[in-house]
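Colleague: I would like a close look at a single part of this model, with the pairing of its strands set out step by step.

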Amino acid sequence: MQNKFLNFILFLSFFFFVNEVENKLYAQNLVKNPSFENYIKCPSTTLPIDSSVIDWEFKFGGSFYNACSSFYDSVPLNECGYQLAHTGKGYASILVYYYNFNNPSWRGYLEGHFLTELKKNSFYCISYYVSNRDKCSDAAIKNVDANISDTLLYYNNGSQFNLKNINPQIKSPQILTDSVGWTMVSGIYKAHGGEKYITIGNFLSDNETTFISYNSPNPGQASYYIDDVNVSPINLTAPNIGKDTVVCKNALPYMLHAPVGYDTYLWSNGCTTESLAVTIPGKYYVTCGVTGCGTINSNAVNISLRNSPVLNLGNDTMLCKGKSIVLKAQLGFTSYLWNTKALSQNITVKNSGWYSLKATDVCSIQLDSVYVKIDSLPNLHINLGSDTTLCKDDINIPLTLVCNVPLPHYYWNTGDTTSSIIVTEKGVYMLSNKYTCGTLSGSINVKECIPIVPYSFYAPDCFTPNNDGLNDFFEPKYFNITVQDFKILDRLGDVLYDDKNTCSWDGKYKNKECPQGVYIFRIVYTNPINTIVLEKFGKIVLMR
């Protein structure tokens, strides 16, 4: 007995739960006499068209039908054919489209009253059923709409019977062609507060009305039965999914949430869940729906990604002794912290060691480090020996030049890359090697036997003014001649040195070292044989 009683209680609980869900939209219908069942007198052709139905008014024309009446005003069989009520025994009808050159835009409207005023910012489900009046219509239209207002609507266009300048809140999404069954028109409405009336009809002119004609080319007229008008509060929150947002990549997916309580959800990307996990940037909105009532769109939000910089201090690097280097981090971080305690984006370093940085922005904390190594020139001196000559016993003999220290590479000014070379001609011979922090070099001046002549002049091809005591000056050698003029010029013809007495240039101009390169010497002299003034030009190479 106890088990049977418990099962009975569970059955009742389930029954009431299901019943509550099925009727949640209609449990609090605020429309008075919503299905036109209540009347003072049964409708008749002898009564005014709106004198019988309670709490409803016909503006500019309409009819009330009930099963209590005779054939002309009865349900389901009446003047316009056969039509069962959607519920109960009664329904109303209005003319919504009437094409007449003499009386354009002739309309009828149905106005009803609410039990209570609508509450500000509350949501309501608005719905009503319509059916084309078959034999009384030779057209169908889309615009059988509903307007919610806090005052009754009055005739306002100045000619004929239609309401203008009204923007109804509930609009049919399709042309209403069904004349056998009933089509529901519905929508969700957010009240501004104080609304007490609903008006159903066509608020557009003939040119604005969307219609199809069954009697083409004559546009004809359209009228509809109206039944089961419903205005019910629904406990919903307006779908607001937030503001435009910039999201960090590591914060994806970013969640957008629609309010709970709706029956359906359709996001702009096709998802149908209550919440949406955003994985790519874009514009998003959601359409929330209530079954049997309609849909409402949320605001649209733009979700964009923040492009964070990537910290990279570069590869480990070499620094020459006595020099400094700037370690640079990328722009775009909000804070920087080096292991040297510096807070700047860049730092200058001149010591060896590890240098690390923690860079922070709104999306991440990034770490990177770089090792700086100090380098210097090796402590060695390239020496090819003292200046020498090929001349021995008045004969020029080939000479071998050898570097005094081992080098990683050998670069002679002759183009050779061996550790030693054999020379057979006079000249300045130089050996060098490049290092990370500079170049080491050495040179030697090799002379030849001087032929015995009554007079002679000899000028070397190059010299090395590096203060090593070897070939530091350009000094032409001459015998038995008198120098009248001696100049050194650069390649542009500018005079850098002018002294006929010493004829010895140290590679400087106005006490500043001239750069390595080719220069021109000019000497004017006379010889003792014929006392003719002679002029001689030549090239010299200054090497450092």
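This is a predicted model: local features need pLDDT of at least 70, side-chain atom pairs count only at pLDDT 80 or more; totals for chains, interfaces and linings use all residues.

Modeller: Strand β19, which spans residues 286-290, is joined to β20 by 4 bridges, and the two run antiparallel. These strands belong to an open sheet of 3 strands, ordered β16-β19-β20, with antiparallel pairing. At its edges stand β16 (264-267) and β20 (294-297), and because each has a single partner strand, one side of each is left without a neighbour in the sheet. From one strand to the next, the twist averages 20°.

Strand β11 can be described through its burial and its pairing. All 5 of the 5 residues of β11 (residues 197-201) are buried, so the strand is largely enclosed by the rest of the structure; buried here means under 20% relative accessible area. The cover extends to both faces, with Tyr197, Thr199 and Gly201 buried on one side and Ile198 and Ile200 buried on the other. As for its pairing, strand β6 (residues 109-113) runs antiparallel to β11 and is joined to it by 4 bridges, with leucine 110 having isoleucine 200 of β11 as its bridge partner. Strand β9 (residues 145-149) also pairs with β11 in the antiparallel sense, over 5 bridges, and here the bridge partner of serine 149 is tyrosine 197 in β11.

Technical notes
Residues are numbered from 1 along each chain as its sequence is written. Side-chain values use heavy atoms; hydrogens and water are left out. Buried means under 20% relative accessible area, exposed over 50%, partly exposed in between (1.4 Å probe, protein chains only). Two strands pair if DSSP finds at least two bridges between them. Axes are lines fitted to C-alpha atoms, for helices over the stretch in contact, and angles run from 0 to 180 degrees between N-to-C directions.
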